[in-house]
Protein chains: 2
Amino acid sequence: MKNEEITLRSVDFAKWYTDVVTAAKLSSYSSVKGCTVLEPNGYAIWEKMQSVLDKMFKKSGHQNVYMPVLIPENMLKKEGELISGFAPECAWVTEGGSNKLEERHAFRPTSETLFSDYYSKNVKTYRDLPKLYNQWCNVIRWEKETRPFLRSREFLWQEGHTVHATQEEAEAETNRMLDIYKEFFEKYLAIPVISGRKTEKEKFAGAEYTLTIEALMQNGVALQSGTSHYFGQKFSKAYDIKFVNKNNEYEYCYQTSWGVSTRMIGALIMAHSDDRGLVLPPKIAPKQVVIIPIKNDEKLISVCEHIQESLDQKEIVSYIDNTDKSAGFKFAEAEVNGIPLRIEVGPRDLEKNEVTIVRRDTLEKASIKLNDVSNSVLQQLEKMQEDMYEKACKNLEEKTYDANTLDEVKEIMNNHPGFVNAYWCGNEECELKMKEIRGTKSRCIVESNDYETEKCVVCGKKAKHKVVWGIQY
Amino acid sequence: MKNEEITLRSVDFAKWYTDVVTAAKLSSYSSVKGCTVLEPNGYAIWEKMQSVLDKMFKKSGHQNVYMPVLIPENMLKKEGELISGFAPECAWVTEGGSNKLEERHAFRPTSETLFSDYYSKNVKTYRDLPKLYNQWCNVIRWEKETRPFLRSREFLWQEGHTVHATQEEAEAETNRMLDIYKEFFEKYLAIPVISGRKTEKEKFAGAEYTLTIEALMQNGVALQSGTSHYFGQKFSKAYDIKFVNKNNEYEYCYQTSWGVSTRMIGALIMAHSDDRGLVLPPKIAPKQVVIIPIKNDEKLISVCEHIQESLDQKEIVSYIDNTDKSAGFKFAEAEVNGIPLRIEVGPRDLEKNEVTIVRRDTLEKASIKLNDVSNSVLQQLEKMQEDMYEKACKNLEEKTYDANTLDEVKEIMNNHPGFVNAYWCGNEECELKMKEIRGTKSRCIVESNDYETEKCVVCGKKAKHKVVWGIQY
C-alpha cells in the first residue's frame, strides 16, 4: 500500500487508522478469528517499548518472573469480583492431550490470582516484603471486535504485581507506577496524558481503586493507556497471604498491580500519524534515520556508508536503502514506515559538501554540512521529539472543554469531541446518563479544590467530584 | 535452603538437581498442575540467554514477529505428520467467553502451521524471499511428568521460521542456525556439544530432516539442546505457499524452523553445578560478582562502592551484599546462587591494600591489589569461562565411548553412561533394540568415512551410518 492510497483522516478516521497500520506493515489480521499478527515493523516498536520500560521497572527495584498461562477455575474464583468481571471474557482449556480435564483452566486474562497463590506460599515474614514482580506475557480476553493494537482476543502486555507490608507502601507503589507510565508516555511516546482515579463503575474488578493515564487522539477520542490498581487486602484475604510483622503478629499483605500493553502502539499511531502514513517520535522509532542515495552510484553509496558510521558512533539507528527502487519510491516507503528522518545523498548537494535532510513530521527539508552530519541529525531528532510532544499537547489543550450542562456536553461530543471537565454527584445513574451521549464515559476523577461549591452536570445535585469525560476506544 | 542441605550428586543426581534449583530460587512448582513458576533468579538467566541469542539472530538477518497462540484445529491438521506428532500433546480451548466454540483451538505446541498460513498470504514473488522470522513465546505440550526447566506443560522458547526460494538456501539456513546454537552453547554456556542429523524415528514431525546439538551432563546423560529442521516443500505444499520465481513460473517455497527453550537452563545446571549448588559461567550469569564487606562497617562499605564503580566501568555486573546477615551466611548464599566471583572486603586485607577474591567453580581464593581490582576481576572471569568450558569438554571426552557389540553398549550404559559411538544399519528395529538398554536412543547421525566397512552394533548387518547413542532426559 502506497501513501497516496491511505484514506484521509478527515474522510474516515477509522479507515485511515487501519490503512496506516497496513501501509507501514505493522500488523495484519490472521486466519485465527479475533487475533492479529504482529509483523516485523510492529513488533520492533513493541521491543523498543519493552526495552525502555523494562529498564525503568528494574531501576525502580522490580524483578521479572514468569507465571503459568493457565489458571484452574477454582483458583480463579477465589476473589469474587475479579471472576465476575473476567469470566465472560475467558478462553477455557477443557482438554489436555486426549483427556477431558477434571477442571477447566482459563487462559490468563490477567494474573492477580496466580501471583496471589504464589505469594501465599512464599511470603512468611516482613523480611520477605516487599516483593516487586513483573511479567511480560500474552493474555486472552474473548473480544467480539478486532482492531489492530486496540482490540484483539490475544494481546501482549506487562503486568506488575507487588505485595507489601503496609498500606502506605502499597499506595505509594500504585502512584509511583502511574508516574512511570506517565513519564514514558510524555518523554518517549511524546503523548501528554491526564491522570486520576477511575470511578467505582470503571475501576478494575477486584481493586480498591484504579489509577489511570488517559491520552487524547487527534480526533478527540480518548484512549485508556495504562492503569495501576491498589488492592488493599482484598486478594490477600481471599488467597490467605499472611506475614508475621515486626510486632510478631500475623497480618494480611497489601497488594498492587499495573499494566500497559501493545495498545500503546495504537495510541502512538492515532496521536501522531498523518495522511501520508505513520509518524513515530525518534525516541521510540526502531529505525531513526534512512539514508538514501538518490541514484545507484558507487560514490554516493560510499558517502552513505560514511554517514552511517558517523551516526553509529552517536548511537543513532540508521539504515541505507540501496535497493534498486527509484529514489521517489524509497522516499514514499520511508514515509509510510514512519522513519523520523530521511537523508538524501545526491551529486549536486555533494558538490557543495552537503546532504539534504527531511523531517517526517513536518516534511521540512534542510541542507546540512557533510562534515557535521551526526551532530545536525542528533539535533534534528531531539527537536522533532520536542515538537511532536508540543503538537500533541496543543491538540490536548484545544480539545479540552468545560461543561456545566448536559446540553453543553452533547454539543461538544456530537460536534468536536474531546476531554470534557464536568462535575459529578458520584451517582452511577448520572454516569449512565452521560453514556447515552455517544458512549461518553468518565475517564478519571481529577483533583479539585472547588467541587463542593459545584453541581452535577447531569442531575444538578451537589457535586462530589470533578471528572474528565470522553468518548473512548 | 542452604548449601549443606543439597543432596550430593553421588547419592541422588535427580534429587541434587531439584535441590540446586530450589536453593538458587530459580524455579518452583506451581499450584497449576504440570506447570512451574520462573522465579527472579531463573528468569534473569533466561533474559540473559534471550539477549545474547536475539543479537545473534538479528545480526544474521532475522526479524522478530508474533503469531497468535491459538490454532484452529483445521489449520493444524493441514500437514498430516505434524498433527499426528503433536495432537496427543495439545491443550485445547473449546470455550470462549460463555460460548462453546464451533471449532476447538489448540494452544500452540509449535507454530509451523501459523507461519505457513501467514506466508501463504504474504509471499508472492521471489522478491518477497527469503523471510527470516523468529518469535519468542510460550508453548504448551501436555506432558505427564514435571521437572523444572526439563519438562513442564508450558515452557518458553524461541522458534525461527524461514521461507526461501531455493532448496540450497533453505538447507544453508538449517545449517547456519545449528552453527549459531553450537556457538552459543560453547562460547556462552561453556558447554561443548556434538551435532548431527536425527534418525527418521527421532526427527521432528513434518520435517525432511532434523539437525540437533546434543550435550552431555555430568552424570553421562544426554540432553537434546537445540534443533534445526529442514522442511523442503512439505509445508509449502500443504499450505499452498507459492511464489513466482525469476523464470516467471510458480514454485513452492522451501522452509526451515529452529528452536531452543528454557530447557537450556537445565543443561547449564547439570553441566556445571556442584554439591554446593549452582555454578554459572560468567558470560551467562545475570550477576557476575558479589562484593561482601566482611563486617558492617562504613569504611568497608565505601570501599565496596568504589570497587563496584570500577567494575561498572568495565561493564561487569556486580552487587554489594550489605544486608545485616553474617559474612559466612552471605558467602554461602552467593555460592548456592552461583555468583561466579566473590570479592571479600576485610580490614586486614585493606591494610595491605588488597581484597580477597573467590572463584565459585574452584572455590580458589586469591588476593588482588585494590588499585587493580577491575582488571584482575575481568581476567579471572575470562579464565573461569575458559576453565569451565575445558572441564565440560573433559567430561564429554571421558564419557564418550566406542562400542562394537550390544554387550559393550550394555556394559557402558549400565555402569558409566555417556555418548556411545556405534555403527547402525539404518533399521528402526535395531534402534528399538537399543532402547531396551535403559532407554538408549540415537542422539544423532555423525559424519563418517568408514561406515561402509563397518557393521551394525545390533544386528551385525552392513552399517549405513555412524551414530552417537545416549540415555536421554
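Colleague: Let's start with strand β11 (residues 222-232) of chain B. Is that mostly covered or mostly open?

Modeller: Mostly covered: 10 of the 11 residues in β11(B) are buried. Keep in mind that this is a predicted model.

Colleague: Which way does strand β10 (residues 209-216) of chain B run against β11(B), and how many bridges join them?

Modeller: They run antiparallel, with 8 bridges between them. To pick out one pair, B:Ala215 has B:Leu223 in β11(B) as its bridge partner.

Colleague: And what's in the turn of that hairpin?

Modeller: There are 5 residues between β10(B) and β11(B). B:Gly220 sits in that turn, and its phi is positive, about 85°.

Colleague: How does β11(B) pair with strand β14 (residues 254-261) of chain B?

Modeller: Antiparallel again, through 5 bridges. B:Tyr230 is bridged to B:Thr256 of β14(B) there.

Colleague: OK, switching to the contact between the chains. How many residues does each one put in?

Modeller: Chain A gives 38 residues and chain B gives 38. On the chain A side, the elements supplying at least two residues each include α2 (40-59), α5 (112-122) and β8 (154-164).

Colleague: Which element of chain A gives the most to that side?

Modeller: That's β5(A), with 6 residues.

Colleague: What does β5(A) pair with over in chain B?

Modeller: With strand β5 (residues 91-96) of chain B, antiparallel and over 5 bridges. One bridge there links A:Ala91 to B:Gly96.

Colleague: Now the whole of chain A. How many helices and strands?

Modeller: Chain A has 14 helices and 23 strands. The radius of gyration of chain A is 25 Å, close to the 23 Å the globule rule gives for 473 residues, so chain A is as compact as a globular protein of that length. Along the principal axes, its C-alpha trace spans about 80 × 55 × 50 Å.

Colleague: What share of chain A is buried?

Modeller: 51% of the 473 residues. Also, of the contacts in chain A with a separation of 6 or more, 68% are between residues 24 or more positions apart.

Colleague: Last topic, domains. Where do they fall in chain A?

Modeller: The assignment gives domain 1 (3-272), domain 2 (289-389) and domain 3 (401-470). The centres of domains 1 and 2 of chain A are 38 Å apart, taken over C-alpha atoms. Their contact takes 7 residues from domain 1 and 8 residues from domain 2.

Colleague: And what classes are on the domain 1 side of that contact?

Modeller: 3 nonpolar, 3 polar and 1 charged.

Notes: Residues are numbered from 1 along each chain as its sequence is written. Chains are lettered from A and ligands numbered from 1 in the order in which they are written. This is a predicted model: local features need pLDDT of at least 70, side-chain atom pairs count only at pLDDT 80 or more; totals for chains, interfaces and linings use all residues. Domain bounds come from an automatic or database domain assignment. Two residues are in contact if their C-beta atoms, placed from the backbone, lie within 7 Å. Ala, Val, Leu, Ile, Met, Phe, Trp, Tyr, Cys and Pro count as nonpolar, Asp, Glu, Lys and Arg as charged, and the others, Gly among them, as polar. Helices (H or I, at least four residues) and strands (E, at least two) are DSSP runs, numbered from the N terminus. The radius of gyration is taken over C-alpha atoms; the globule rule is 2.2 Å times the number of residues to the power 0.38. A residue is buried if 20 or more other C-beta atoms lie within 10 Å of its own, exposed if 12 or fewer, and partly exposed in between; C-beta atoms are placed from the backbone. Two strands pair if DSSP finds at least two bridges between them.
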